[in-house]
Amino acid sequence: MASPHSDAPDRGGGGVGVGGGAPTELPSLPVRVITEPGQLPVEFLKPSASQKLVIGFDCEGVDLCRHGALCIMQLAFTDAIYLVDAIEGGKDLIQACKPALESEYVTKVIHDCKRDSEALYFQFGIKLHNVMDTQIAYYLLEEQEGKKRGFTDYISFVNLLADPRYCGMPYPEKEEVRTLLRQDPNFWTNRPLSEMMVRAATDDVRFLLNIHEKMMEKLSKVSLWRLSVRSELYCRCFCVNDNQYADWPPLPTAPDDIEADVYVPEVDILSVLDVPPGKMGRVIGRKGSSIMAVKESCK
C-alpha cells in the first residue's frame with residue numbers, strides 16, 4: 001500500500017479485480033489515496049463554467065446512509081482515480097469537495113446515488129447535484145428500445161458492467177467483497193487501506209466514464225431530460241427535511257425543443273415516508289391493505 005501522498009500500486013487497465021476478466025481497451029490509470037484537499041485537482045476544488053468536468057463517483061462506508069459512516073469517496077478522472085479518505089482526512093477534507101459535489105459544472109457519474117446522497121447530506125450538509133445516474137439511464141435506454149420493466153426491477157452495477165453494450169466486463173470479485181463485509185461490517189474503517197480495499201474502491205468507479213460516454217451517445221432528447229429529472233430526485237429522495245427541499249436546486253424544466261407530439265409524462269414524483277422505528281406496520285396496513293391502496297391510486 002502506497003503512502004497517502006503517492007500513487008497506489010498501478011492496477012493496470014486490463015481487468016476488474018483480482019481475477020482480471022477479459023482485457024479492455026481502457027488505459028491504465030494511477031490510483032491516488034487522498035488525505036488532504038491540496039492533493040486533489042484544482043479544477044475539481046474550484047469548479048467553473050470555463051472548465052467543466054465529468055467524473056466517475058461513488059462512496060463506501062459502514063451502513064452508508066444518514067446514520068452510518070462515510071469512509072471513502074471515489075473520484076474517477078480521465079487521467080487518475082482519487083480515493084478520498086474521509087477517516088484520515090476528516091470532515092475538512094470532505095467539506096473541501098462540497099463545491100464540486102454541489103456544482104452544475106461537475107457532472108458526477110454514479111450507479112444508484114440515493115444512499116450516497118443521503119450520507120453526504122446528513123453527515124456533511126452536502127446537497128449532491130448534477131448527477132448522471134447510470135441505473136436510471138440504463139432503463140431509459142431500455143424504454144427507448146420498447147422494453148418494459150417492473151417498478152421493482154433495478155439493474156445492479158455488476159450486471160451493468162457485464163452488459164456488452166456498455167462495458168462487457170465480468171465482476172466476480174464484487175461477491176468476494178460482499179463476503180468480507182458480511183464477516184466484518186466495519187471493513188471500510190480499517191486503516192491503513194489494504195490492497196484489497198484500494199482495488200475494490202477503484203473497481204467501483206474505473207469504468208463509469210466509459211459507460212457514461214456510451215450511454216450519452218444513445219439517449220434521446222426526451223430521455224436526457226427525464227434522466228436529469230430522475231437523477232435529481234434520486235439525490236434527494238432520502239434527504240427528507242422540513243422545508244420541502246427549498247434549499248435544493250430546482251428540478252430541470254422540459255427543453256423547448258422537445259416536439260409537441262412526443263409524450264412527455266408529468267414531472268416524475270418520488271415520495272419518501274420517514275417511518276419511526278417500530279411503526280412500519282401502520283404504513284403497510286393489515287395484510288398490506290395500505291400499500292395496495294397506494295398502488296391502486298397510482299395505477
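Below are my entries, going from the whole chain down to single residues.

**Ground rules.** This is a predicted model, where local features need pLDDT of at least 70, side-chain atom pairs count only at pLDDT 80 or more, and totals for chains, interfaces and linings use all residues. Residues are numbered from 1 along each chain as its sequence is written, and side-chain values use heavy atoms, with hydrogens and water left out.

**Whole chain.** I began with the inventory: the chain has twelve helices and seven strands. Helices (H or I, at least four residues) and strands (E, at least two) are DSSP runs, numbered from the N terminus. Next I checked burial, and 47% of the 299 residues are buried. Buried means under 20% relative accessible area, exposed means over 50%, and partly exposed is in between (1.4 Å probe, protein chains only). I also looked at contacts, meaning heavy atoms within 4.5 Å. Among those between residues at least 6 apart in sequence, 66% join residues at least 24 apart.

**Helix 9.** Which residues of helix 9 are buried? In this helix, residues 208–218, I found L208, L209, I211, H212 and M215. They cover an arc of only 155 degrees around the axis, so they sit on the same side of helix 9.

**Helix 5 meets helix 10.** The axes of helix 5 and helix 10 (residues 221–236) come within 9 Å and cross at roughly 150 degrees. Here axes are lines fitted to C-alpha atoms, for helices over the stretch in contact, and angles run from 0 to 180 degrees between N-to-C directions. Helix 5 brings Q135, I136, A137, L140, E143 and Q144 to the contact, while helix 10 brings S223, R226, L227, R230, S231 and Y234.

**E232.** Staying in helix 10, I clicked on E232. Is E232 buried or exposed? E232 counts as buried, at 4% relative accessibility. Skipping its neighbours within four places in sequence, I found E232 in contact with H129, N130, V131, L251 and P252.

**Helix 4.** Eight of the eleven residues of helix 4 are buried, so this helix is largely enclosed by the rest of the structure. Those buried are K114, D116, S117, E118, A119, L120, Y121 and F124.

**D112.** In the loop between strand 6 and helix 4 (114–124) I found D112. Phi of D112 is near 65 degrees, another positive value in a residue other than glycine. D112 is partly exposed, with a relative accessible area of 27%.

**P192.** Where is P192? P192 is in the loop between helix 7 (173–183) and helix 8 (195–203). A cis peptide bond joins R191 and P192, with omega about 0 degrees.

Notes
Arc of directions from axis to C-beta.
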